[in-house]
Amino acid sequence: MPETVEVEIKGATSRGTLNRRNLLVLLPLIPIFVYLGAFFLFPMSRVLFDSFKSNKGEFTLENFQIVLHNPYRLAFLTSIKLGLVSALTAALPGALFAYLIEIKGSERIKKLVSSLSGVLSSTGGVPLAFMFIAAIGAQGSATTLLKNLGIDLYSGKFTLFSFTGLVIVYLYFQIPIMVVVFTPAVKALRNEWHEAATNLGATRFNYWRNIGIPILFPSFAASFLLLFANGFSAYATARAMTVGNVALVPLQIGSLVDGNIQVGGANIGKALAMGMVLISAVAMIPYLVIQRRTRRWQS
Amino acid sequence: MKKGELVLKNVSKKFGEVKALDKLDLVIKSGELVALLGPSGCGKTTALRIVAGLEHHDSGSIKINDQNISGVPAHQRNMGMVFQAYSLFPNLTVLENVAFGLKMRKVSKEKQQKKSIELLELVGLPTQKNRFPHQLSGGQQQRVALARALAIEPSVLLLDEPLSALDAQVRTNLRDEIRRLQLSLGITTLFVTHDQEEAMSMADRVGVMRNGKLEQIGVPSDLYNKPATPFVASFVGIANRIPAEVTGKGNVKVLGQKIALSEFSMEFDDGKKVNALVRPESLHLVSESDPEATNGIVAIKSFLGPLTKIGVAIEGYPIVHLNLASKDVKRIEIGDRISFKIAADELMVESA
Amino acid sequence: MKRSLTLYTTLILGGIFVFLPFGSAAEFSFRDGGANKHSLKAYRWILEQPDFVHYLLVTLKLTVIAVVITILLMVPTVVWLHLRAQSLRPLMEFLTILPLVIPVVALAIGAQSAFPTWLQSTEYELSLMFAVLAMPYTYRTLDTGIAAIPLATLTEAARSLGANWFNTIIRVILPVIRSAVIGAVFIATALSLGEFTLTVLLHWDTFPTWVTSISQQNIVGAIALSIFSLAAAFLILIILNFTIFGARTKKVEE
């Protein structure tokens, strides 16, 4: 009895059709869809829907209207400002440092910086706050050291528990994040491009202006956006370093969750959360899009 | 096109403890294409990069048309260089890439355009001018790289293994094109490669390098027929290594034949055991009754189209390879007896 | 290679920036009533706290569960995607990256209001959420790591040589994806050990939140605790980086 042999006809695909083969392929993927659905999409959709609900459960835009006014409005502006300032102060130093290490560092140094950056990027909260208080707080060791050298950090109105203080402390993890995220872009700068440019008559300035910076810019911008989103959304460190004197959205949501009575209805927190999601998405979506494109030539 | 004669004199370069170049002397005449051939690490790329100014030599001099360019920074040397791969600027279009050197020289925009298009036509890619490098194939990219290097009308063209990253078919086509272009433009060219076929087919002269030294430089046929060292002999073409013995002054006894030694193999004493380097095509079929015949059994037969490679097993010797015209060996099969002799005037030997 | 002045100056300055806060806090943590006397008093105090071991174990427990969830969920998924469902990879990449776009605070409020009571009454809800938080990183690590291996080819080769599915998975697939899995485990662990925001907003107590609350009682003790956990994290991660991730492949000398 001759065996029947199945021949695959080139070009004839069964993609997209709801046949048995396609369903079987999807089967093992069900767990993750269900998981993400239950533990991520479900809570987030709840936030979305509840933000449009009044105390009585009816549809309303009231929550958002309230959120657009003080004290929440101020919190949004301050949080955005914090994200921007934090990103600005960390992006350039981080990028330059990443570049310097990648170009001039030995393999051992590169590895050390990479490990250290990975570790430092996840520091935060109370431990981080304490480190800085111990270092440059009013009684800090560095403060005392500088005072002996004649520099008084606290001669003016400076205090660590302020917006400025937060920006300084945030640098501790923002710069490492920048190093981690930007280094692949620097690594992808091929020596050949610089050599070819030099060979064709370009000075260092010409090279950077025409080739280097244009190539690095998308990654730099993407990293900046990430830093912004991170600074904007950070909670633990802000909570450790402020005592209600800096109005930030994550903190407000936090206190709402703790049951504190706030201006507005029960779903204000959700409206605030939606606001955060929106602003975060505005930064993160371009970040991801750029990352996706540049990843292709960076690996 | 400004013609240039390139002279390297006594150039040495060390990387740490490693001698990359050891007192290299090289003269490339105006309009000549010289290929530097050798295995990885022989110094050929280092030599090229030093000429380009991308590396600094420790001692020696580099002159173009008698002008010492040792102190001239790389971006002022006016040489066109083509790298092995990935050298096109990814953020610029093909046209902008080709025009880059002109832009650096502050040439007017119209002239930039005109010259760049001219060159793209020369390399056969005028329609790709608005594409980006990643949209082109490897061969196309290298052609753009070539156009870019030629756009600045350099005095010297430097090619750093430009074909090594390409597919075989593309490689052979591009090889001919580069040579054709080089000849029509009459531009002095230094070409670095590890592929002997490439070097031999393209160059006016080929220099074989090893361990930072130039072992031999000459026209391809001289390198092939009169290799100066065993290394050159085996690098440029295949050679059988047949155990033999030096006899008398200037002769070697191999497989029952007495053949003169090449002028480069004179240092061996009478009676010394050596390996004679015999090219497969120097071995001819003879009848068994020929007094100088060597007899053996056919162990390998590889049909290669016009040629057939025959491997002959002889008692007490390694397999000897012959390259014979396929029509002559049609009826010979594996296991048959076969007789051949060495038909060479002189042989190179190396110590066994 | 020219020793670069810029490099070493920058490294030294960077080193100061990194280690000065750490060093200052460390110095503080060794204080014994005033800046001139130093001892291990604060550290002994920590270790004497019954809560120390308790919360350490809580965090470790939650971390292990989170890592197990990650492995069980992500590894088969990514392997399957690479073997049989390549076209769905972009979709999956998009879905798994969503937790990165959403601020943790927002997720916390979502969890708090949406999850059923039975879920919210167990601390294991944290493990479940940690796996979600880690997902963008773990998926990416596994995806990139496995993409670098010719998994489909290896699997086909094994099958064509007669291996059944069980053997193929155990002897071929698992060994070859080992380093990608280790990377994902690493990230999930680091994230879970240090997670604070979600934990505190869902009103649970783990080691990180305990460290925070201690600061009300004994500030030197809290600082000592912070230094301890930071130093431990630093050390572990750096050692891991230099051993497991460093000596991953040793090329055989030809």
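The dialogue below takes up how elements of this predicted model get their labels.

Colleague: What makes chain B a chain of two domains?

Modeller: An automatic or database domain assignment sets the bounds. Chain B is divided into domain 1 (6–232) and domain 2 (238–351). Their C-alpha centres lie 39 Å apart.

Colleague: How many residues join domain 1 of chain B to domain 2 of chain B, and what counts as joining?

Modeller: Two residues are in contact if their C-beta atoms, placed from the backbone, lie within 7 Å. Five residues of domain 1 of chain B meet that with five residues of domain 2 of chain B. On the domain 1 side, three are nonpolar, one is polar and one is charged.

Colleague: What is the overall build of chain B?

Modeller: Chain B has eight helices and 20 strands. Its C-alpha atoms fill a box of roughly 80 × 45 × 35 Å along the principal axes. Of its 352 residues, 42% count as buried. For that label, 20 or more other C-beta atoms must lie within 10 Å of the residue's own. Among contacts in chain B with a separation of 6 or more, 66% join residues 24 or more positions apart.

Colleague: How do you know that β16(B) and β17(B) pair?

Modeller: Two strands pair if DSSP finds at least two bridges between them. Strand β16 (residues 294–303) and strand β17 (residues 307–313) of chain B have six bridges, so they pair, in the antiparallel sense. One bridge sets B:Ile300 against B:Gly311 in β17(B). The hairpin has three residues between the strands, and B:Gly305 in that hairpin takes a positive phi near 95°.

Colleague: What makes β17(B) and β18(B) a pair?

Modeller: The test is again at least two bridges. β17(B) and strand β18 (residues 320–325) of chain B pair over six bridges, in the antiparallel sense. B:Val312 has B:Val320 of β18(B) as its bridge partner. This hairpin has six residues between its strands, and B:Gly316 in the turn has a positive phi of about 90°.

Colleague: Why are β15 and β18 of chain B said to stand at the edges?

Modeller: Take the strand order. The open sheet of five strands in chain B runs β15-β19-β16-β17-β18, with antiparallel pairing. β15 (283–285) and β18 of chain B each have a single partner strand, so one side of each is left without a neighbour in the sheet. From one strand to the next, the twist averages 50°.

Colleague: Which chains have the most contacts with each other?

Modeller: Two pairs of chains touch, and the most contacts are between chains A and C. There, 64 residues of chain C are in contact with 56 residues of chain A. Helix α1 (residues 5–29) of chain C gives the largest share of the chain C side, 12 residues. By class, that side has 45 nonpolar, 17 polar and two charged residues.

Colleague: What does chain B bring to its contact with chain A?

Modeller: 17 residues of chain B are in contact with 16 residues of chain A. β6 (79–82) and α2 (94–104) of chain B each supply at least two residues of the chain B side. The largest share, three residues, comes from α2(B). The chain B side divides into 12 nonpolar, four polar and one charged.

Colleague: How far apart are chain B and chain C at their closest C-alpha atoms?

Modeller: Those atoms lie 9 Å apart, and no contact joins the two chains. The contact test itself uses C-beta atoms within 7 Å.

Colleague: Why are α6(A) and α7(A) called roughly parallel?

Modeller: Angles under 35 degrees count as roughly parallel. Helix α6 (residues 125–136) and helix α7 (residues 141–148) of chain A pack at an angle of about 20°. α6(A) and α7(A) are therefore roughly parallel to each other. Their axes are 3 Å apart.

Colleague: Which residues make the contact of α6(A) with α7(A)?

Modeller: α6(A) contributes A:Ala134, A:Ala135 and A:Ile136, while α7(A) contributes A:Ser141, A:Ala142 and A:Thr143. Four of the residues in this contact are nonpolar, two are polar and none is charged.

Methods. Residues numbered from 1 in each chain as written. Chains lettered and ligands numbered in written order. Predicted model: local features only at pLDDT ≥ 70, side-chain atom pairs only at ≥ 80, totals over all residues. Nonpolar A, V, L, I, M, F, W, Y, C, P; charged D, E, K, R; others polar. Helix = DSSP H or I, 4+ residues; strand = E, 2+ residues; numbered from the N terminus. Buried ≥ 20, exposed ≤ 12 C-beta atoms within 10 Å, placed from the backbone. Axes fitted to C-alpha atoms, helices over the stretch in contact; angles between N-to-C directions. Parallel < 35°, antiparallel > 145°, perpendicular 65-115°, else oblique.
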